[in-house]
Every structure is written in structure tokens, then in C-alpha cells.
Amino acid sequence: SIDSRFALVTHTHTQIDMNEAEYTWISDDKVLADLTNDKSVGSLNFFDVSFTDANIKRMELALKGRRVGRIGITSCRGKLDEALSLIFRCVQVEYLKLDCLHIKPTTAKIIGDGVGGCSSLKCLSLQAIHMTEPFASAIYEALCRTISLEYLYLSVIATRHSDETSVDTLLRGFQNNISLKHLGIARVRGMEPTRVFQSIREHVSLESISFACMDGMSSGTLAALNALSRNVQSKVHTVKLSIRGDWTPIRHLYKLSTGTRRIQYKLTLSTSSEFCDMEVLGEILEQNDNIVALSLAHCGLDEDSVAQLAMHLAKVKGLRELNLQGNSLNSGRGCEALLAALQYNRGLERIDLPTLVDQKASLDHLLDCNRAGRRLYTNTNVPRALWPIVLHRASRIDYTRSYPLFKRPEEVAARRANAIFHLLQGQAICH
């Protein structure tokens with residue numbers, strides 16, 4: 001799975017977590033019939049269902065009078081057109097996922113009309129689907145009509161090698177849409193990063209874009225990103241890039257901070273240890289304050305590689321999150337170097353490490369203090385009136401969001417207290 005979890009944050013800051021484990025999975029008629037008497041279920045995933053006249057009638061009874069926030073249709077067949085028409089007609093759905101479906105021209109028209117006319121739909125995810133010209137045209141029409149869709153995710157979309165018009169049609173849809181805020185793309189044939197970034201440069205509402213499975217970073221992609229950052233009309237503030245293979249092209253990242261607007265970059269580098277040049281990566285992080293998140297998970301890093309990266313982290317100012325899970329760290333030189341770097345780095349707020357690390361408690365303490373505002377220690381010009389705000393923020397840090405397994409209230413309270421006490425040792429108590 002390229003990304004089994006996605007989150008949509010609307011303008012009201014309500015998070016809709018697209019975790020498939022929270023769905024009620026529907027794979028046979030019995031489960032569908034049981035739903036008729038249970039109106040509490042708010043997330044449904046139809047999986048490997050052969051739609052017939054009989055179960056479509058059961059489906060109508062199950063959906064009638066129900067507000068379903070999320071619906072997924074995965075690997076289904078049979079009377080798919082009738083099932084989709086029923087969903088758009090009966091349900092006020094906020095998130096719709098279509099995965100591994102055979103889309104006929106009639107199906108494409110139903111999807112396009114449904115998405116374009118559904119006032120409640122905020123998120124559309126298309127995965128493992130062959131993008132024909134009729135389907136691309138239907139999505140284009142939907143993007144031009146909708147005023148509610150905020151998030152669009154395209155993953156593993158196939159197109160014919162000779163049929164570039166489908167990609168061009170989708171790109172025009174991106175340009176003409178007026179509501180889209182978040183765009184995610186992963187392995188869409190023909191949809192190169194350069195073309196995508198060029199197409200959304202003038203977009204009026206887009207705030208973030210995610211591009212997965214990039215084979216390096218070309219000079220054209222770099223130029224398109226720089227043009228995006230120089231466009232003062234653009235609202236894009238976050239760009240997530242997943243780069244796989246050889247790390248040599250990441251040297252281009254030295255130039256990412258050119259431009260008139262600050263765009264935050266979140267990078268995922270997926271490769272083997274033979275391509276890992278920590279010296280180059282460390283220098284990139286030092287010179288680019290707008291790289292705020294970096295994932296090196298499962299890259300085969302050893303203690304020496306992490307220690308080499310940590311030497312640069314002491315001077316890095318922009319990075320807020322670092323993921324080192326799945327690497328060979330066992331409380332040795334690498335973790336000691338990270339702990340030493342955090343004595344000077346007051347901006348890094350989260351490090352994901354393998355579970356069995358002896359220094360985890362010490363690392364977490366410094367990270368907690370950073371999240372509470374430890375960078376203020378070195379600033380002697382902090383107004384006195386600001387300190388109550390800082391201490392109030394420290395008392396409300398949500399540790400469970402960054403560490404899902406960390407749920408015991410007494411531990412949460414202890415970590416908050418530690419961070420506040422650390423703050424009070426600075427100039428807050430002197431005032």
C-alpha cells in the first residue's frame with residue numbers, strides 16, 4: 001500500500017481519519033442485511049461485492065435515513081452503475097473511495113455527475129483504476145462543477161502509453177477547480193511532477209500537494225517548484241515529496257528556499273543504505289529551513305549513518321519531525337549522537353525511533369521541551385506578556401497524537417509537568 005492512511009483537515013479543523021480499520025466491511029448479503037437494523041455505523045466499505053438487484057434493494061434499506069461519513073467501494077462488480085447511483089441519491093457522503101474498479105463509460109458518467117453534484121463530498125480517492133478518456137472527462141466535468149470537494153487523491157492510475165489526453169484532461173480539471181485544497185498523487189502514469197506543479201501554479205485555493213514515488217528530482221521539477229514559490233497569488237504552503245532510489249538528485253534541494261513565499265517541504269526518502277549520503281543530506285537540512293519533516297524509515301541506516309546525520313542536526317533550525325523507524329538502532333552511537341544534538345537543537349519536536357532504545361525517555365523529554373517553546377530560552381527579548389501564553393500552550397500539548405500508543409493520563413500529565421518545569425527554569429520565573 002502506498003498510503004493506507006490519509007487525513008483530511010477541513011476549514012473547521014475537523015480531522016477525518018481515513019483508517020480502513022474503522023470501516024464496517026461489507027462482503028456479503030448477511031452483513032448488508034444486518035446494517036438495516038443498525039443505524040449507528042458511519043463508515044462503510046463494500047469489498048468484493050457482486051451487486052445484484054436483490055442486494056441493491058437491501059442496500060437501499062440499509063442506507064435510507066443514514067448519514068454515512070465515509071464510503072469505500074473496492075473490487076466490486078455486477079450492477080455497479082445502479083449501486084453508485086443509489087449511493088449518490090440516498091447518502092450525504094463526505095469521503096468516497098473507489099478502488100480497483102472497472103469503469104465503463106456509463107459508470108464514468110454516473111461518478112462524474114455524482115461528484116459534481118454532491119454538496120457534502122469533501123474528499124475523493126481514486127485508486128488502482130484505469131483512466132480512460134471518458135472517465136478523465138467525467139472527472140474534469142466534476143472538478144469544474146463541484147464547490148465542496150477539498151481533497152483529491154489519485155493512486156496507481158493506469159493510462160495507455162499513447163493516450164496522453166487523459167492526463168491533460170485531468171490537469172485542466174485541477175486548474176479549473178475552485179474548491180480543491182489538498183491534492184495527492186502516487187504513481188499515475190504520464191502525470192510527471194513537473195507537469196503537475198506547472199499546472200497548479202495559478203490555482204486559487206490549493207494549499208498542499210503530495211507527490212509519492214518520485215524517481216529522483218529533475219531540474220524541471222525543481223524549476224516548477226521554484227516558480228510555485230515565487231507566485232505570490234498561490235496559496236500552496238505545504239509540499240510533500242516521496243523520493244525513491246538514488247539520492248544523488250536531492251542535491252537539487254539546496255535551491256528549494258529560493259522564492260518570495262515560504263513553502264514547507266515534507267520529504268520521504270525511500271532507498272537502500274548504499275545511496276545514503278548523510279553528509280549531503282545534513283548540509284541540505286542546514287541550508288533549507290523550509291524542510292520541516294523528513295522520513296528515512298526502513299532505509300537500512302546503521303548507527304554510524306545516524307550519528308553522522310545527528311552531527312548536522314545540532315545546527316538545523318527548520319526541521320520539526322524526523323522518522324528513523326525500521327533502521328538498525330539499538331541504543332548505541334546513533335542514539336547518543338541524537339541526544340547530544342538535541343542539547344542544541346530547540347526546534348525538533350518529534351523523532352520516531354525503533355521501540356527498544358534506552359535513551360528514548362531522555363530524547364522524549366528534550367522533544368517535549370522543544371514543543372513547549374524551549375527555543376525562547378535564548379531570546380532575551382521575549383515580552384513578559386507572552387509567557388502566560390507559552391505556559392498555557394505547554395499545558396495543552398497533545399502527546400497522544402504524535403505517540404498513539406501513549407494513552408495513560410498520568411503519563412501525559414507527567415510529561416506536561418516536566419516540560420512546564422523546564423520552562424520555568426528559564427526567564428519565565430525571572431520575570
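Trainee: What should I know about the numbering and the source of the values?
Mentor: Residues are numbered from 1 along each chain as its sequence is written, and side-chain values use heavy atoms, leaving out hydrogens and water. This is a predicted model, in which local features need pLDDT of at least 70 and side-chain atom pairs count only at pLDDT 80 or more, while totals for chains, interfaces and linings use all residues.

Trainee: How many disulfides does the structure hold?
Mentor: A disulfide here is a pair of cysteine sulfur atoms within 2.5 Å. For cysteine 100, the closest cysteine sulfur is that of cysteine 76, at 9.8 Å, which is too far for a bond. The number of disulfides in the structure is zero.

Trainee: Is cysteine 100 buried, exposed or partly exposed?
Mentor: Buried means under 20% relative accessible area and exposed over 50%, with partly exposed in between (1.4 Å probe, protein chains only). Cysteine 100 has a relative accessible area of 41%, so the class is partly exposed.

Trainee: Which elements do the buried residues of helix 8 pack against?
Mentor: Among the buried residues of helix 8 are Leu222, Leu225 and Leu228. Taking contact as heavy atoms within 4.5 Å, the buried residues pack against helix 7 (193-199), strand 12 (208-215), strand 13 (238-244) and strand 14 (264-270).

Trainee: Nice, and which residues does glutamine 264 contact beyond its neighbours within four places in sequence?
Mentor: Glutamine 264 lies in strand 14 and is partly exposed, with a relative accessible area of 30%. Its C-alpha atom is 6.2 Å from that of valine 292, 28 residues apart along the chain. With those neighbours left aside, the contacts of glutamine 264 are His237, Thr238, Val239, Asn290 and Val292.

Trainee: How are helix 10 and helix 11 oriented, roughly parallel or roughly antiparallel?
Mentor: Axes are lines fitted to C-alpha atoms, for helices over the stretch in contact, and angles run from 0 to 180 degrees between N-to-C directions. Helix 10 (residues 303-313) and helix 11 (residues 333-342) pack at about 10°, with axes 7 Å apart. Angles under 35 degrees count as roughly parallel, over 145 as roughly antiparallel, 65 to 115 as roughly perpendicular and the rest as oblique. Helix 10 and helix 11 are therefore roughly parallel.

How values were computed:
Helix = DSSP H or I, 4+ residues; strand = E, 2+ residues; numbered from the N terminus.
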